[in-house]
Amino acid sequence: MNRKIIFLLLALALPVLVFVFLKFFGKNEFVVEPLYQTAELKLPLDCAGIKFPYFISDSVYSFLKRGHETDSLLVILYESRAKDVKASADQLIRVQESFQFGTGLGLKRIAMEDKSIACSLLLQSSLDLVLVDAKKRIRGQYNSNDRDEVDRLMTELDIILKRY
């Protein structure tokens, strides 16, 4: 009889002890690491002279921030790379409905094809959305025509903005 009581107490106390331990010593936190901080990732073939850890140049960053000076995160749509402009617009409407643009988060559309900007953003040919932070680091690259990619953007924005 005594053994049953001991086992019952252990069965009840062990999960409580694990919960208390994790509550005080564990972190339930996700992090979206900046891209291109090590040389292990693939770069676009026609972009040369990239140094790691990678930061967007001051001139390109000031061009991108024009009109978004107060925003700490910037979602950049490189429209000339978008395969289906209507689908991209629909996906961006989803993002705009979920997030308050203009309160720390900005949206910049680039309509022209500019190789220097594409190389500065290290865009692969299939990608047309880039997430840039205030420290001039690329936080993510996405395909605006792909719903799963835009969902990933929204999840990463939640994580970066700590809305989870």
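Colleague: Is Ser120 buried or exposed?

Modeller: The model is a predicted one. In it, Ser120 belongs to helix 4, which covers residues 115–120. A residue counts as buried under 20% relative accessible area. The value for Ser120 is 11%, so this residue is buried.

Colleague: Which residues does Ser120 touch, leaving aside those up to four places away in sequence?

Modeller: A contact here requires heavy atoms within 4.5 Å. With residues up to four places away not counted, the partners of Ser120 are Tyr54, Ile56, Ser57, Val60 and Ile138.

Colleague: Where does Ile76 lie, and is Ile76 buried or exposed?

Modeller: Ile76 is part of strand 1, residues 73–78. Its relative accessibility is 0%, and because the cut-off for burial is under 20%, Ile76 counts as buried.

Colleague: Which residues does Ile76 touch, not counting residues up to four places away in sequence?

Modeller: The criterion is again heavy atoms within 4.5 Å. Among the residues that Ile76 touches are Leu64, Lys108, Ile110 and Leu121. The list also includes Asp128, Leu129, Val130 and Val132.

Colleague: What distance separates the C-alpha atoms of Ile76 and Thr103?

Modeller: Along the chain, Ile76 and Thr103 are 27 residues apart.

Colleague: What pattern of helices and strands does the protein chain follow?

Modeller: The protein chain contains five helices and four strands. Read along the sequence, their pattern is α-α-β-α-β-α-β-β-α.

Colleague: How many residues of helix 1 are buried?

Modeller: Helix 1 runs over residues 2–25, and at 1.5 Å a residue its 24 residues should span 34 Å. Its end C-alpha atoms are 33 Å apart, which agrees with that expectation. The helix lies largely in the open, because the number of its residues that are buried is zero.

Colleague: What share of the contacts between residues at least 6 apart in sequence joins residues at least 24 apart?

Modeller: Of the 164 residues in the protein chain, 38% count as buried. Among contacts between residues at least 6 apart in sequence, the share joining residues at least 24 apart is 70%.

Colleague: How far apart are the centres of the positive and negative side chains?

Modeller: The protein chain carries 23 positive and 21 negative side chains. The centres of these two sets are separated by 7 Å.

Key:
Residues are numbered from 1 along each chain as its sequence is written. This is a predicted model: local features need pLDDT of at least 70, side-chain atom pairs count only at pLDDT 80 or more; totals for chains, interfaces and linings use all residues. Side-chain values use heavy atoms; hydrogens and water are left out. Helices (H or I, at least four residues) and strands (E, at least two) are DSSP runs, numbered from the N terminus. Buried means under 20% relative accessible area, exposed over 50%, partly exposed in between (1.4 Å probe, protein chains only). Lys and Arg count as positive and Asp and Glu as negative; His and the chain ends are not counted. The place of a charge is taken as NZ of Lys, CZ of Arg, CG of Asp or CD of Glu. The expected span of a helix is 1.5 Å times one less than its number of residues.
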